[in-house]
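Hi,

Here is the structure I promised to send over. Have a look at it first, and then read on for my notes.

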Amino acid sequence: MKSGCPCAGDTPTSRRPSRSSRPSHASLLSAWVTEGTPAADAVATGSDEADALRGPADLHARSGEALAQVSDLLSRGGALDIVPIPWQGWSLRRADFLLTRQLEIVVHSDDLAVSVGVPTPEFPAEVFDPVRDLLVRLAVRRHGQSALIGALSRSERARDISAF
């Protein structure tokens with residue numbers, strides 16, 4: 001059975017980069033780090049909208065299936081150390097891939113909470129701290145150290161330091 005999970009090993013080894021060609025954190029190489037916010041119409045026409053129309057029950061079911069799949073892979077040692085990212089054309093180490101998933105959960109939890117008018121959930125330090133650190137690195141890469149220091153330390157010098 002072919003898995004829908006990118007960490008399940010259904011990508012040929014020949015497409016994985018060698019250990020020496022992988023960056024320490026590959027998201028720092030992604031074009032979106034310095035390109036700015038995508039156009040609203042590009043986001044609205046993506047597959048996420050079609051997925052959303054299937055409703056929360058479908059999302060819950062798909063999430064349960066994914067959790068079972070990942071739990072099985074990890075428990076039997078079947079998860080890849082290198083995870084292919086086909087939409088980017090490269091791969092990430094498993095830890096880096098999982099950090100990008102944590103970032104997505106934290107950021108989109110905030111997006112969702114704001115959109116429905118509820119408080120953003122608080123995450124445990126072991127989830128939030130690595131996401132915070134990655135966002136800081138991305139913001140520095142995009143805007144420079146001075147912009148970050150000014151925004152975080154002096155309200156009168158605050159600038160937009162969005163990581164995305």
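This is a predicted model: local features need pLDDT of at least 70, side-chain atom pairs count only at pLDDT 80 or more; totals for chains, interfaces and linings use all residues.

Which residues are linked in a network of salt bridges? They are Asp-51, Arg-54, Asp-58 and Arg-62.

Asp-58 and Arg-54 form a salt bridge through their side chains, with 3.0 Å from N to O. Both partners are partly exposed: Asp-58 has a relative accessible area of 23%, and Arg-54 has 44%. For reference, anything under 20% would be called buried and anything over 50% exposed.

Asp-81 and Arg-94 make a salt bridge at 2.9 Å, N to O. Asp-81 sits in the loop between α4 (56-75) and β1 (82-85), while Arg-94 belongs to helix α5 (residues 94-116), so this pair ties together parts that are 13 residues apart in sequence. The two ends also fall into separate accessibility classes: Asp-81 counts as exposed, at 56% relative accessibility, whereas Arg-94 is partly exposed, with a relative accessible area of 25%.

Then there is the bridge between the side chains of Asp-133 and Arg-132, again with an N to O distance of 2.9 Å. Asp-133 comes out as partly exposed at 33% relative accessibility, and Arg-132 is partly exposed too, at 35%.

Now for a helix. Which residues of α7 (residues 145-153) are buried? Those are Ala-147, Leu-148, Gly-150 and Ala-151. If you look down the axis of α7, these buried residues fall within an arc of 165°, so they line one face of the helix. And what does that buried side pack against? The partner is α6 (125-143).

The face pointing away from the buried side carries exposed residues, namely Gln-145, Ser-146 and Leu-152. So α7 has buried residues lining one face, with Leu-152 among the exposed residues on the face turned away from them.

If you want a viewing order, I'd start with the network of Asp-51, Arg-54, Asp-58 and Arg-62, go on to the Asp-81 and Arg-94 bridge, and finish with α7 where its buried residues pack against α6.

Cheers

Key
Residues are numbered from 1 along each chain as its sequence is written. Side-chain values use heavy atoms; hydrogens and water are left out. Buried means under 20% relative accessible area, exposed over 50%, partly exposed in between (1.4 Å probe, protein chains only). Helices (H or I, at least four residues) and strands (E, at least two) are DSSP runs, numbered from the N terminus. The arc is that of the directions from the helix axis to the C-beta atoms. Contact means heavy atoms within 4.5 Å. A salt bridge is a side-chain nitrogen of Lys or Arg within 4 Å of a carboxyl oxygen of Asp or Glu.
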